[in-house]
Amino acid sequence: QLHFVESGGGLVQPGGSLRLSCEASSLTLDLDFWQIGWFRQAPGKEREGVSCIHSTDGSTYYTDSVKGRFTISRDNAKNTVYLQMNSLKPEDTAVYFCAAAAALTIQRMCRTPLADYWGQGTQVTVSS
């Protein structure tokens, strides 16, 4: 079982920045066992993969709409994954979830989207 505590969401003006954090806890496995991803879901839309990061080698995947603006990173020693979001746009408004998968490539995890465990989500609103 894997549990997440997400934080860092809020209201920001267009062009602003936010940093989301996802702290994970598990009774049996360390965070470096899992591929981790950030996903989002806007009202009336399907959930989409935003960015995913490999469990150990640091390789990353970004959906096209956030490339150059968002950066995913992880600190396995702190069991925490981050999503730095810059140059935010109104269309980035959504509930953002972190999630973990054990047996998927980061590409498949983000594109499908699929995961074994999901967090509760944190709201990000970009509006003037």
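Two strands are said to pair if DSSP finds at least two bridges between them. The strands themselves, marked E and at least two residues long, are DSSP runs, as are the helices (H or I, at least four residues), and they are numbered from the N terminus. One of the residues involved is Val 5, whose bridge partner in β3 is Glu 23.

Before going further, please keep in mind that this is a predicted model, in which local features need pLDDT of at least 70 and side-chain atom pairs count only at pLDDT 80 or more, while totals for chains, interfaces and linings use all residues. Residues are numbered from 1 along each chain as its sequence is written, and side-chain values use heavy atoms, with hydrogens and water left out.

Let us stay with β1 for a moment. In a regular strand the side chains alternate between the two faces of the sheet. In β1, Leu 2, Phe 4 and Glu 6 make up a covered face, whereas His 3, Val 5 and Ser 7 make up an uncovered one. Phe 4, on the covered face, has contacts (heavy atoms within 4.5 Å) beyond its neighbours within four places in sequence, including Cys 22, Ala 24, Ile 36, Cys 98, Tyr 117 and Trp 118.

Phe 4 also leads us to the inside of the model. A nonpolar core is a set of buried Ala, Val, Leu, Ile, Met, Phe, Trp, Tyr and Cys residues joined through side-chain atoms within 4.5 Å. Buried here means under 20% relative accessible area, exposed means over 50%, and partly exposed is in between (1.4 Å probe, protein chains only). The largest such core has 28 residues, and Phe 4, Ile 36, Trp 38, Phe 70, Leu 83, Met 85 and Tyr 96 have the most contacts inside it. Two or more residues come from each of β1 (2-7), β3 (18-26), β4 (35-41), β5 (48-53), β7 (70-75), β8 (80-85), β9 (94-101) and β11 (122-126). Another core, of nine residues, lies apart from it, with Phe 39, Cys 52, Ala 101 and Met 109 among its members.

Now follow β4. Six of its seven residues are buried, so β4 is largely enclosed by the rest of the structure. Seven bridges join β4 to β9, and these two strands run antiparallel. β4 also pairs with β5 in the antiparallel sense, over five bridges. Arg 40 stands opposite Tyr 96 in β9 and opposite Glu 48 in β5. Six residues separate β4 and β5 in their hairpin, and Gly 44 in the turn has a positive phi of about 75°.

On a 1 Å grid over the protein atoms alone, a pocket is an open set of points with protein on both sides within 12 Å along at least five of seven lines, unlike a cavity, where a 1.4 Å probe fits but cannot get out; lining residues have an atom within 4 Å of a point. The volume of the largest pocket is about 180 Å³, counted as the space filled by probe spheres set on the points, which are joined across faces, edges and corners. Of its 13 lining residues, Arg 40, Ala 42, Lys 45, Glu 48 and Glu 91 lie nearest the centre.

Next comes β8, a mostly covered strand with five of its six residues buried. Six bridges join it to β3, antiparallel, and here Glu 23 stands opposite Thr 80. β8 is also joined to β7 by six bridges, again antiparallel, with Met 85 as the bridge partner of Phe 70. Ile 72, in strand β7, counts as buried at 4% relative accessibility.

Most residues other than glycine have a negative phi, and most peptide bonds are trans. Asn 79, in the hairpin of β7 and β8, takes a positive phi near 55°; Asn 79 is partly exposed, with a relative accessible area of 27%. Ser 87, in the loop between β8 and β9, has a positive phi of about 50° and is partly exposed at 40%. Lastly, the peptide bond from Thr 112 to Pro 113 is cis, with omega near -25°, and Pro 113 lies in the loop between α1 (106-111) and β10 (117-118).
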